[in-house]
Amino acid sequence: MSYNGYRLVINGITITNDAIQKGTYRATPQKRVVATWLDADFIEHQDVLPTRKMEISFSIRQRNLTEQENLIGLFATQENIPVTYWDDATCDYKSGTFRMEAPEFSILNTIGGINYAETPIHLIEY
């Protein structure tokens, strides 16, 4: 599949590249640990699934109220979120089910409406 000009679709909302604060996007494959245990010599072992899970973090850039309203579906839920992301290792889009850490919204000012500061987003695949 070819690159379609975006990195993420979260809960049906396409996150355009210009909505992501420059230099903040990180996609990191993590081990899927099923169990951790100690043997008789107190050496830690992990039972790990062969497929990895993805952790994605980025910040939504500063924005005004209209731009925030366009992203509102992104914040509708924090569990069982469908995400499609560009996988740089395979140069293809992949999909998964993620959870989102609760976003923290900060207001820069209210001059001419509400103006939001960068909002960090952290997604963890199940």
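Trainee: Which side chains meet in a salt bridge at 2.9 Å, N to O?
Mentor: Those of Asp87 and Lys94 do. A salt bridge here is a side-chain nitrogen of Lys or Arg within 4 Å of a carboxyl oxygen of Asp or Glu. The model is predicted, so local features need pLDDT of at least 70 and side-chain atom pairs count only at pLDDT 80 or more, while totals for chains, interfaces and linings use all residues. Side-chain values use heavy atoms, without hydrogens and water, and residues are numbered from 1 along each chain as its sequence is written.

Trainee: Is Asp87 buried or exposed?
Mentor: Asp87 is buried, at 8% relative accessible area; buried means under 20%, exposed over 50%, and partly exposed in between (1.4 Å probe, protein chains only). Lys94 is partly exposed, at 34%.

Trainee: How many salt bridges does the count come to?
Mentor: The count comes to 4 salt bridges. One of them joins Asp88 and Arg7, 2.6 Å from N to O. That pair links distant parts of the chain, 81 residues apart: Asp88 lies in the loop between strand S6 (81-87) and strand S7 (92-100), and Arg7 in strand S1 (residues 6-10). Strands are DSSP runs (E, at least two residues), numbered from the N terminus.

Trainee: What is the relative accessibility of Arg7?
Mentor: Arg7 has 17% and counts as buried, whereas Asp88 is partly exposed at 48%.

Trainee: Changing topic, which residue does Arg61 form a salt bridge with?
Mentor: Arg61 pairs with Glu67, their closest N and O atoms being 2.8 Å apart. Arg61 is partly exposed at 25%, and Glu67 is partly exposed at 27%.

Definitions and conventions:
Helix = DSSP H or I, 4+ residues; strand = E, 2+ residues; numbered from the N terminus.
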